Amino acid sequence: MRLPLFVAAGVLAAAVAGWSWFDPGKPAWSPAEAKLIASLSLSTLPKLPPDPSNAVGDDPAAAALGRALFFDTRLSGNGKVACASCHVPDRQFQDGTPLGTGMGQTNRRTMPIAGTAYSPWLFWDGRRDSQWAQALGPLESLVEHGADRMQIARLMAANYATEYEAVFGPLPEITALPEHATPLGTEAAKAAWTSLAERQRDDVNRVFANVGKAIAAFERTIEPRPTRFDAYADALVAGRDTAGLLTAVEVEGLRVFVGKGECTKCHNGPLFTDQHFHNTGVPAVAGLPEDRGRIVATAQVLADPFNCLGAYSDAGPAGCAELRYMDREGEDLIRAYKPPSLRGVAERAPYMHSGQIATLAAVLRHYNAAPAAPGGHSELRPMAMSEAELAALEAFLRTLSETPRMETSHDRPDRSHLALELRSITEIATGLSVPSFRRAAGFAD
Amino acid sequence: MPKSKSKSPLRLLWLLPVALIGVGGIGFAAMMQPPPADLDLSLTRATENGLYVGTLEPGVSPIPVGTIQAWTVAVTTPDGKPLEHADLWIVGGMPQHGHGLPTEPQVTEELGGGRYRVEGMKFNMPGWWTITLKVSSAAGTDSATFNLNLGG
């Protein structure tokens, strides 16, 4: 009498467990899980919308100029620092060190660029509201490029006049103005800035903003590319066989990611980020100034003359909804930082806004333990994930790297495409044109 | 050791799969955090003290996640007359996660006929959200809370 009960209960348990014990290649996903997995696929990323604040954002000539500027070390105080010095193209446009180093050392980890054109907020704390406004910050930071806007405007006139004027129209007459001037920076540069007429300051600001817009036009071409996870998610959505696309452990990691781990609370959508700001109890770094995160940045972005509502933006108020309706205050913004995209995360150690955590495994242990925040309140709570679950989660995160896809009967990788991807990195380094970079990287022209 | 004792655990073996179902079920419920099953998803609701009836009009279905949106809110008196020149406030959040909206929506225009344009609506993750509409006019101040269940 008891045997049928035992068998029946066993069958039911197996059904509840989704048959994955018996056939790890065909895990059953609940409708909610399947929907969540589908929402993470790169295939659901919409076509990049125009940036209303940057009229030249999709102008190939602006992107070509921006690419040249991105690699130009003359945009610095010592002639040695370019954007690419920290945003290294073959390292996902980041530098692999805890703190960025230009003319000095910053207090924050260099961020990757791919997909940031989709973000309403730039930097870890979102203190700028567009890629072009972001690009201007490091140029005048004394520990990054250490340049100033007058120096950069003069550089454009001396070395990029033709390219600049083809995109933005005539350069203003600035040759008689001081060599260096900025409202930020050194006392001498600030004094020189104060000595300028309002019209002259506006002229220089406009050239400076346009430099940012050209760099942003280049950065808009840097987009994430499909990963093994995307092949899996797309096969799942299409009802195709997913066998061989992810290993059993990676599938289990995905299960934790969309389920018990609650990772999609912050890392959701095809870029694996909600583009908002979260306090996750990341420790402070001894020796660095107090870092309050988003709570300070909201005032900074509102005061930024290069923001969406400012005089140098091409957007009207209707194009600036994110800035106008920004969440400005509240305890949840203290030590809150933007979740970076998890695409390519495995190759981007060290982690967190000041590189506080050295390895991906240690990051997962941090989320599992949920330590108290050094300021504000952590959104995390202890997860009680097992070592096996953490290992599976890490294995899943490693499927988010742009690697050659696994060969299956359904989805055979295009080797010529791979060769072109590899060549594109060389082209960036050797300075070939943006159209060729776009073609090589598989973008439609 | 009496033999009868060694049989006893075997007899209880059937409990193992049953226990697995139970534990699995609880674990699954906790991890997916489904909204309450009886969630009222109506976008037209009377305010708590019955002073007004509010309707949320997202203007797009399904409501997108991650995109800033402008909605229309319509307010009437209990007998269906449009409420003009009222003051409206919109707040929201995720009850299961303890956080608010990622934005501060504002009423930017009175459209006439008791309809108001609300800009700055945004949801930064799928799941159960609540939206509270507070209405103030000569009749008094009252509020209604709406439920949204946003897909992935």
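**Two crossing helices**

Tutor: Helices α14(A) and α15(A) make a right-handed crossing (the near helix is turned clockwise from the far one by less than a right angle). This is a predicted model, where local features need pLDDT of at least 70 and side-chain atom pairs count only at pLDDT 80 or more, while totals for chains, interfaces and linings use all residues. Residues count from 1 along each chain as its sequence is written, with chains lettered from A and ligands numbered from 1 in the order written.

To find the pair in chain A, look for α14 at residues 360-369 and α15 at residues 387-397; helices here are DSSP runs (H or I, at least four residues), numbered from the N terminus. The axes of α14(A) and α15(A) come within 10 Å and cross at roughly 130 degrees, with angles running from 0 to 180 degrees between N-to-C directions of lines fitted to C-alpha atoms over the stretch in contact.

Which residues make the contact? From α14(A) come L360(A), A361(A), L364(A), R365(A) and N368(A), and from α15(A) come L390(A), L393(A), E394(A) and L397(A); contact means C-beta atoms, placed from the backbone, within 7 Å. Sorted by class, this contact has six nonpolar, one polar and two charged residues (nonpolar: Ala, Val, Leu, Ile, Met, Phe, Trp, Tyr, Cys, Pro; charged: Asp, Glu, Lys, Arg; polar: the others).

For a glance beyond the pair, chain B has two helices and nine strands (strands are E runs of at least two residues).

Key: Contact = placed C-beta atoms within 7 Å.
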